[in-house]
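Please open the structure in a viewer and keep the sequence alongside.

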Amino acid sequence: MNELLAAYRYLSNNFGQIQASKRCGCCNCMEVFPPEEIVGWLGLTMDNMNDPSAVEQQTAMCPYCGAEAVLADKSGLPINAVFLQRMNEAWFQRTLIRKPK
Ligand SMILES: [Zn+2]
């Protein structure tokens with residue numbers, strides 16, 4: 001599988017992976033930052049907030065731009081400007097595959 005396609009699934013429901021990572025990067029604004037900087041998570045509601053698996057399934061929001069586009073090094077993918085730029089072009093500019101809302 002194309003690594004850009006493979007990487008896309010790590011951009012959501014990535015709480016557990018990010019907690020285990022040392023370095024994260026945003027595919028929208030291309031900032032690189034440690035996981036501790038992430039303060040915004042999506043996915044918990046009043047109904048599932050006591051469910052440990054729901055906590056693990058949260059999606060990180062970038063601390064710089066707020067996008068749900070955070071990739072963590074635990075995914076095995078390179079967290080650097082070149083790779084983030086490639087992800088950005090593939091997913092956020094040319095909309096290779098449009099993300100379902
Ligand atoms: Zn960002």
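Begin with the open sheet, which has 3 strands in the order β2-β1-β5 with antiparallel pairing. Strands here are DSSP runs of E of at least two residues, helices are runs of H or I of at least four residues, and both are numbered from the N terminus; two strands pair if DSSP finds at least two bridges between them. β2 (32-33) and β5 (70-72) stand at the edges with a single partner strand each, so one side of each has no neighbour in the sheet.

The model is predicted: local features require pLDDT of at least 70, side-chain atom pairs count only at pLDDT 80 or more, and totals for chains, interfaces and linings use all residues. Residues are numbered from 1 along each chain as its sequence is written.

Next, select strand β1 (residues 24-26), which pairs with β5 in the antiparallel sense over 3 bridges. Within this pair, C24 stands opposite A72 in β5.

Now select helix α4 (residues 81-93), where L84, M87 and W91 are buried. A residue is buried if 20 or more other C-beta atoms lie within 10 Å of its own, exposed if 12 or fewer, and partly exposed in between, with C-beta atoms placed from the backbone. The cover over the buried residues of α4 includes α1 (3-8), β1 and β5.

The following stop is the largest nonpolar core, of 19 residues, in which I18, C24, C26, C27, V70 and L71 have the most contacts. Such a core is a set of buried Ala, Val, Leu, Ile, Met, Phe, Trp, Tyr and Cys residues joined through C-beta atoms within 7 Å. At least two residues of this core come from each of α2 (15-19), β1, β5 and α4.

Which residues does C27 touch, not counting residues up to four places away in sequence? They are L11, A69, L71, L84, M87, N88, W91 and F92. Contact means that the C-beta atoms of two residues, placed from the backbone, lie within 7 Å.

S75 counts as partly exposed because it has 19 C-beta neighbours inside 10 Å. Leaving aside residues up to four places away in sequence, S75 touches A7, Y10 and Q17. L44 is 31 residues from S75 in sequence, and their C-alpha atoms are 22 Å apart in space.

Finally, display the whole protein chain, which comprises 4 helices and 5 strands. Along the sequence their pattern is α-α-β-β-β-α-β-β-α.
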